[in-house]
Amino acid sequence: PATPNDLLVYIIDHLKVIGRDIARTETEKYRAYWNEDTQGLSKPKKEETCSGFLAEDLQSRVRPQNLIITIEHHMARDKECDIVVLQGPERLLPIEVKHHYNRDLWKAWEKQLDQLYATHSKAAGLGIYLVLWSGEGKGRKLPLPPKVLSRPQNAIELQEALDSIIPEKDRFRLRVV
């Protein structure tokens, strides 16, 4: 990628492919993201664990471009970003990861990604808000959306809802996957 925006689009494309691979391949990659008990899949693994799996998959895809994927990357104000893509010493792309049922789902794109990570001098104001959708179930209820939105019923509707709450002027730099 030649520019920060190229890097953003490049990583988004890879994340979408990884998402399809996790959800729709015969290898059942999605099982790695779930805890299992004698009854089968019980609940999704912690965000940190899922971020690690995603980072590993992403690293294997972007290694030929000499990009480095890190997890729990130390940032300013003693904060840690879930995943960061490093392109040499001059560029980074933060990725904030949340499960769809995280209580901060509707605010983390702004409070964490935009205010803490995209402001990094090497981030060029860009970032990705990556939401893990596992379907609603016991202990996995989507937090109530802002009053102007209807309740999303699936991952596509959730992405559309999150996109809609990011101000239009910022949607080119803060992207939801």
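Predicted model: local features only at pLDDT ≥ 70, side-chain atom pairs only at ≥ 80, totals over all residues.
Local features need pLDDT of at least 70 and side-chain atom pairs count only at pLDDT 80 or more, while totals for chains, interfaces and linings use all residues. Residues are numbered from 1 along each chain as its sequence is written, and side-chain values use heavy atoms, with hydrogens and water left out.

**Sheet**
- Five strands form an open sheet in the order β3-β4-β5-β6-β7, with mixed pairing. Helices (H or I, at least four residues) and strands (E, at least two) are DSSP runs numbered from the N terminus, and two strands pair if DSSP finds at least two bridges between them.
- β3 (67-75) and β7 (174-176) are the edge strands, each with a single partner, so one side of each has no neighbour in the sheet.
- From one strand to the next, the twist averages 30°.
- Helix α1 (residues 4-24) packs on the sheet and touches β3, β4 (79-87), β5, β6 and β7; contact means heavy atoms within 4.5 Å.
- The direction of α1 makes about 35° with that of β5. Axes are lines fitted to C-alpha atoms, for helices over the stretch in contact, and angles run from 0 to 180 degrees between N-to-C directions.

**Strand pairs**
- β5 (residues 91-99) and β6 (residues 127-132) run parallel and are joined by five bridges; H99 stands opposite L132 in β6.
- β3 and β4 run antiparallel, with eight bridges, and I68 stands opposite L86 in β4.
- Three residues lie between β3 and β4 in their hairpin, where R77 in the turn has a positive phi of about 60°.
- β1 and β2 (residues 40-44) pair in the antiparallel sense over four bridges, and a hairpin joins them through two residues.

**Largest pocket**
- The largest pocket holds about 890 Å³ of space. On a 1 Å grid over the protein atoms alone, a pocket is an open set of points where a 1.4 Å probe fits, with protein on both sides within 12 Å along at least five of seven lines; lining residues have an atom within 4 Å of a point. The volume is the space filled by probe spheres set on the points, which are joined across faces, edges and corners.
- Of its 28 lining residues, G19, A23, V131, W133 and A155 are the closest to the centre.

**Aromatic pair**
- There is one aromatic pair, counted for rings of Phe, Tyr and Trp (its six-membered ring) with centres within 6.5 Å.
- The ring centres of Y33 and F53 are 5.4 Å apart and their planes are at 70°, so the pair is edge-to-face (over 60 degrees; under 30 is stacked and the rest tilted).
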